[in-house]
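Subject: The structure I promised you

Hi there,

Here is the structure I said I would pass on, with my notes below it. Open it up and follow along as you read.

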Amino acid sequence: MITLHDILERARAAGQKLAAGEALWLFAAVTRLAAAQKATVRSRLVHLDPSGSIQLARFDEKRAEDEQGYLAPELLERGAPAKTEPRVQVYAAGALGYELLTGQPAPDPRKGPGPELTGPVADLVRIAMARDRRERFGDLQQLREAVDGLQRPAGADSERQAFAALVGRSEKWAGVPEMDRAALAKLIEHLSHLGRQIDAVRSGMADVQRDQQDVNTRVGILESRGPGQSVVVRSGSGFAPGLLGGILGAAVAAGALFAAGLLNPSAIRALAAHRAAGRAPAAVEPQPAPAVASVVPAAASVVPAAAPTTTSNAHPTPTSNTTPTVPSRRPSPADLARAVAEAQVKRGDLEMERGRYEAAAEEFQQALTNDATLAVAWRGLGIAHLMRHDEESARRAYEKYLQLAPAAPDSRDIRKAIAELNARAKIGAGAEK
């Protein structure tokens with residue numbers, strides 16, 4: 001269980017802000033509860049659990065006030081009314097709406113909201129927070145009716161899903177302190193260079209394999225010619241340190257990105273396997289060995305262990321044949337498409353966490369373009385459409401999700417959401433007639 005006060009504090013500390021639609025849903029839900037209970041609102045009294053259920057705790061008027069922005073201006077004057085007086089309660093609910101919409105603490109009651117309060121609900125909140133109590137709504141019930149007039153109330157299941165996602169995001173905000181944001185920014189920068197590093201390492205490994213084949217071929221030719229030949233092996237090639245440095249740098253960068261959760265290993269592996277399989281090894285043609293053969297190994301690890309370094313006029317020591325490498329299975333186009341789609345789903349989830357529902361819907365749609373059988377992509381698309389208030393598209397996406405994953409852990413909740421959307425669609429169709 002977490003309070004709305006804690007969620008807003010974490011969001012401010014992480015430089016985040018609730019999406020406008022999400023803030024309006026929360027404001028409507030809290031106003032509905034407060035009107036039903038005739039309760040005085042404070043952000044610390046609004047509790048949400050991981051399942052998305054919302055509760056309003058009892059207000060204790062004797063407790064010391066720790067949220068001064070929720071006090072109506074008349075409470076700061078002589079002969080102040082009780083904090084449970086209806087118009088005082090309306091001001092407190094308006095202060096909560098201000099905090100949800102702007103992401104800032106409620107302002108000084110003697111000054112009221114400024115130009116930072118914008119959006120379709122701004123005028124409603126300004127009326128609730130009017131310094132002259134006579135200009136406010138008469139009670140919480142009138143405020144609730146005004147909020148419902150701006151937007152049709154969301155269904156209970158839809159609200160729970162949205163609020164559960166908010167609780168999950170707030171836990172991540174708490175897990176990323178401000179002092180680590182600079183480090184994360186650097187890791188994100190490394191991501192743009194990682195592809196080039198992997199390509200460079202892959203190209204170098206291909207050169208190493210060709211050099212090894214060349215070494216084996218030359219040694220075999222010398223052995224077939226018999227004694228009397230000499231082999232001179234030069235060391236100190238500049239390529240080996242460069243290649244090893246590139247491999248180490250790419251490994252460190254990939255490990256850091258993976259630890260930060262910014263790298264999709266399945267997509268990288270599939271892409272690397274695809275490119276490696278598509279590159280055919282260069283053919284090596286045997287050449288007559290000269291009296292003194294010069295062999296430069298690319299790295300110590302690729303020179304056969306049985307071929308020692310010799311000096312001029314020394315007989316070469318026969319070497320055993322190296323075991324040929326077994327080529328890895330080339331991934332099918334379907335495997336590659338699936339890996340790319342999974343990466344796009346992860347990006348869609350990230351956009352959802354940031355409250356960018358349009359971008360999230362685009363990511364999920366692209367994932368389905370690559371793999372239309374990926375059930376989680378249909379589920380994410382349904383949630384994104386629902387947050388964008390496109391209920392018909394959300395219903396279709398949910399139905400497709402259940403077709404692909406009928407036994408999913410959340411299938412019961414999704415079926416309830418579909419039933420609710422169907423009922424609301426029928427009500428809307430009846431109203432149009």
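**Starting at Arg-136**

The side chain of Arg-136 has a polar atom 2.7 Å from the backbone oxygen of Ala-130. Keep in mind that this is a predicted model. Arg-136 sits in the loop between H4 and H5. Is Arg-136 buried or exposed? With a relative accessible area of 5%, Arg-136 is buried, because anything under 20% counts that way. Leaving out residues up to four places away in sequence, Arg-136 touches a whole list of others, including Ala-72, Pro-73, Glu-74, Arg-87 and Tyr-91. Ala-130 is on that list too, along with Ile-127, Ala-128 and Arg-131.

**The whole chain**

Now zoom out for a moment. The chain has 433 residues, and 41% of them count as buried. Its secondary structure comes to 14 helices and five strands. If you take the contacts with a separation of 6 or more, 68% of them are between residues 24 or more positions apart. The accessible surface is about 23,500 Å², and carbon and sulfur atoms make up 55% of that.

Helix H1 covers residues 4–13, and its buried residues are Leu-4, Ile-7, Leu-8 and Ala-11. They span an arc of only 95° around the axis, so they lie on the same side of H1. After H1 comes Gly-15, which has a positive phi near 70°.

Helix H5 (residues 140–150) can be read in a similar way. Its buried residues are Leu-140, Leu-143 and Val-147. Their arc around the axis is only 60°, which puts them on the same side of H5. What covers them? Among the elements doing so are H2, helix H3 (86–102) and helix H4 (122–128). Look at the N-terminal end of H5 as well: Asp-139 caps it, with a side-chain oxygen 3.2 Å from the backbone nitrogen of Gln-141.

**H10 against H11**

Two packed helices are described by the angle between their axes and the distance between those axes. For helix H10 (residues 333–353) and helix H11 (residues 357–370), the angle is about 170° and the axes are 8 Å apart. Angles over 145 degrees count as roughly antiparallel, so that is how H10 runs relative to H11. On the H10 side, the residues making the contact include Ala-337, Val-340, Ala-341, Gln-344 and Met-352. On the H11 side, Tyr-357, Ala-360, Phe-364, Ala-367 and Asn-370 are among them.

Ala-343 is also in helix H10. Its relative accessibility is 14%, so Ala-343 counts as buried. Along the sequence, Ala-343 and Ala-367 are 24 residues apart, yet in space their C-alpha atoms are 8.0 Å apart.

Next, find His-385 in helix H12. This residue is buried, with a relative accessible area of 11%. Not counting residues up to four places away in sequence, His-385 touches Asp-390, Ser-393 and Ala-394.

Ala-397 belongs to helix H13. How buried is Ala-397? Its relative accessible area is 2%. Setting aside neighbours within four places in sequence, Ala-397 is in contact with Trp-378, Leu-381 and Gly-382. Ile-383 is 14 residues from Ala-397 along the chain, and the two C-alpha atoms are separated by 8.6 Å.

Most residues other than glycine have a negative phi.

Lys-38 is not a glycine, but its phi is positive, at about 50°. You will find Lys-38 in the loop between helix H2 (20–37) and strand S2 (46–48). Lys-38 is exposed, with a relative accessible area of 68%.

The other one is His-389, also not a glycine, with a positive phi near 65°. His-389 sits in the loop between helix H12 (375–387) and helix H13 (391–404). Is it buried, exposed or in between? His-389 is partly exposed, because its relative accessible area of 42% falls between the cut-offs of 20% and 50%.

Happy browsing!

Key:
Residues numbered from 1 in each chain as written. Predicted model: local features only at pLDDT ≥ 70, side-chain atom pairs only at ≥ 80, totals over all residues. Heavy atoms only, no water. Helix = DSSP H or I, 4+ residues; strand = E, 2+ residues; numbered from the N terminus. Buried < 20%, exposed > 50% of the residue type's maximum accessible area, 1.4 Å probe, protein only. Arc of directions from axis to C-beta. Contact = heavy atoms within 4.5 Å. Polar contact = N/O pair within 3.5 Å; in protein donor to acceptor, adjacent residues only side chain to side chain. Areas by Shrake-Rupley, 256 points an atom, 1.4 Å probe, with all protein chains shown as cover. Axes fitted to C-alpha atoms, helices over the stretch in contact; angles between N-to-C directions. Parallel < 35°, antiparallel > 145°, perpendicular 65-115°, else oblique.
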